[in-house]
Amino acid sequence: MSQAHSLLDPNVSVAKKYDTVISGMGLSGLASAWQAIKRGKTVLMVSNRPPDYLRVQRVYLKPENRDSLLAMLPDAQHLTSEDKKFVEQIKGNYTMGVKDINYTMGVKDIERFIKRQLDRFPKQINYMYESQFSQLDMHEGKVTIESLRGLPKVETNFDDVIAADGTNHHAVNIFNAGRASELISYTGKTNLKRPHHLSAYIKLERKDGKDLVLPDKNLLVMNDSSTDLLSFLHFNKDSLQNKKNPKAIKCHFLSEIPKELYDKMKNSEMDASAVALPHIESSLKKLLDKEEVNNGEISISIVKPSQKHGVQKDKLKLQCFETNLEEANKVAIGEHGRRFIAVGDVTTTPSYQVGHGAIDALIHAGWVGEIFDGKRTLDQYTKDVKAHANRMHRYGVDLFLFPLQSRTASAEAMESIAEMQMLALQQKYNRQ
Ligand SMILES: Cc1cc2nc3c(=O)[nH]c(=O)nc-3n(C[C@H](O)[C@H](O)[C@H](O)COP(=O)(O)OP(=O)(O)OC[C@H]3O[C@@H](n4cnc5c(N)ncnc54)[C@H](O)[C@@H]3O)c2cc1C
């Protein structure tokens, strides 16, 4: 890359042209950058965040996703100690009844790993932090990038743009700007009639101090006919192990809630726990009654998640969230011999019940690699991305439609349930 452009940020010199310019440095942006680098392309990554920003949540990866990450590694003799640690981490596996399902990794660890692999190719890659696209000219193949720290704007040329900046889809907005009509537009995509949810860690114990005996299952689904709201009770690994003779059990509760309760929790100056507890109590008591769990009175309290499982270490004990799914009509467009390709959360908001965001990011990036190779057309990419998202969305909806104790779901949907359980454990919906 010739560093011919004027230096605007003392730490960054931007070349006149990059083969690929990427907006967003999350999993999908980084993994797509890897696909470009692997093919000898030059890449500029533009992130609105500072370099030291770290994502806290953990995500589920399928074995094939893990393989795709491991394939980025250099030869064994060139592995850094951090890479070796990552390999250990990614190969780690623990199960809770469903094989390979409860395996999660920190997004930050995966992001750092991919970034380390990209950094092995300093001549091909450049990063601009705290910056974002301000103009995109597909005809000229030119992108203008503005600094969020007030530094002067930068221009550079490109062949391909990858929009990987998450659910806010900033690059798509810039791509659409100034056109008579939007080429890429979004439609709401929720079949969930009740998009408001509550997630809490709770402790169940009998008021009389006797043992609490739970049914031999780790997921209960309740359709509360009086309110038409669904709730899940998730017994974690620890509660399952100790379920034979427990005095008190910690588990995770996840429930649809009425909008009024959501608003109250969000806006209330009161302690949100005090607002939520009556709902949790009434839902759970019905649920436990139905399951014929102890006739004795059970006390329910909201507690901190177990410290025994690293995942929950610094998590909140209670949160409420709103599901808002959006899907782009097109995710890859060719114009004037150049390509604009959307990946990851830019294409579809991941359906939280199924937890496929990280999985999709890596899958999309693999497909982008095939576009680079001429093995996948832009239309095919759009079709595949949409079909995949719809499949995942359907699982999410199915999941909510399961009747109590139904075990008739397809193996794939059951896998989604298991993922959902794992997701619930993570209390993950604390979007920044
Ligand atoms: C709190 C939370 C919990 C989640 N939990 C799960 C889970 O359990 N399982 C799962 O599979 N997925 C989960 N996801 C989703 C998952 O993290 C993403 O789907 C996955 O990381 C891939 O996302 P992405 O790279 O497409 O988008 P993101 O990870 O959102 O990355 C987008 C990047 O673009 C940057 N950006 C944003 N705006 C701009 C801009 N204007 N200019 C430049 N850059 C910009 C952002 O800083 C960010 O780094 C969760 C997401 C969040 C936020």
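## Close-up views of a predicted model

**View 1. Lys-153 sits in the loop between β7 (142–147) and β8.** This legend, like those that follow, describes a predicted model. Is Lys-153 buried or exposed? Lys-153 is exposed, because 12 other C-beta atoms lie within 10 Å, and a residue with 12 or fewer falls in that class. Setting aside neighbours within four places in sequence, you will find Lys-153 in contact with Ser-134, Thr-144, Ile-145 and Glu-146. For a distance to check in your viewer, take Phe-133: it is 20 residues from Lys-153 along the chain, with 9.5 Å between the two C-alpha atoms.

**View 2. Asn-157 has its place in strand β8.** With 16 other C-beta atoms within 10 Å, Asn-157 is partly exposed. Which residues does Asn-157 touch, leaving aside its neighbours within four places in sequence? The contacts are with Lys-16, Lys-17, Gly-141 and Lys-142. Val-143 also makes a handy reference point: 14 residues separate Val-143 and Asn-157 in sequence, and their C-alpha atoms are 6.2 Å apart in space.

**View 3. His-169 is found in the loop between β8 (154–163) and α5 (170–176).** Here the backbone deserves a look: the phi of His-169 is positive, at about 35 degrees, although this residue is not a glycine. As background, most residues other than glycine have a negative phi.

**View 4. Strands β17 (residues 332–335) and β18 (residues 338–342) run antiparallel and are joined by 4 bridges.** The two strands form a hairpin with 2 residues between them. Across the pairing, Ile-333 stands opposite Phe-340 in β18. What is the phi of His-336, in the turn? His-336 has a positive phi of about 50 degrees, although it is not a glycine. His-336, in the loop between β17 and β18, counts as exposed, with 9 C-beta neighbours inside 10 Å.

**View 5. Helix α1 (residues 27–38) and α4 have axes that come within 10 Å and cross at roughly 25 degrees.** That angle makes α1 roughly parallel to α4, since angles under 35 degrees count that way. The crossing of these two helices is left-handed. On the α1 side, the contact involves Leu-27, Leu-30, Ala-31, Ala-33, Trp-34 and Ile-37, which meet Val-107, Ile-110, Glu-111, Ile-114, Lys-115, Gln-117 and Leu-118 of α4. Sorted by class, the contact of α1 with α4 holds 10 nonpolar, 1 polar and 2 charged residues.

**View 6. The axes of α1 and helix α9 (residues 357–372) come within 8 Å and cross at roughly 25 degrees.** How are α1 and α9 oriented to each other? They are roughly parallel, and α1 passes α9 in a right-handed crossing. From α1, the residues in contact are Leu-27, Ser-28, Ala-31, Ser-32, Trp-34, Gln-35 and Ala-36, while α9 brings Ala-358, Ala-361, Leu-362, His-364, Ala-365, Val-368, Gly-369 and Phe-372. The class tally for the contact of α1 with α9 is 10 nonpolar, 5 polar and no charged residues.

**View 7. Helix α3 (residues 81–91) packs against helix α4 (residues 107–118) at an angle of about 135 degrees, with the axes 11 Å apart.** The two helices are therefore oblique to each other, and their crossing is left-handed. Glu-82, Asp-83, Phe-86 and Gln-89 make the contact from α3, and Asp-109, Phe-113 and Arg-116 from α4. What classes do these residues of the contact of α3 with α4 divide into? There are 2 nonpolar, 1 polar and 4 charged.

**View 8. Zooming back out, the chain has 11 helices and 18 strands.** Of its 432 residues, 41% count as buried. Among contacts between residues at least 6 apart in sequence, 70% join residues at least 24 apart.

How values were computed:
Residues numbered from 1 in each chain as written. Predicted model: local features only at pLDDT ≥ 70, side-chain atom pairs only at ≥ 80, totals over all residues. Axes fitted to C-alpha atoms, helices over the stretch in contact; angles between N-to-C directions. Parallel < 35°, antiparallel > 145°, perpendicular 65-115°, else oblique. Left-handed = near helix turned anticlockwise from the far one by under 90°. Contact = placed C-beta atoms within 7 Å. Nonpolar A, V, L, I, M, F, W, Y, C, P; charged D, E, K, R; others polar. Pairing = 2+ DSSP bridges. Buried ≥ 20, exposed ≤ 12 C-beta atoms within 10 Å, placed from the backbone.
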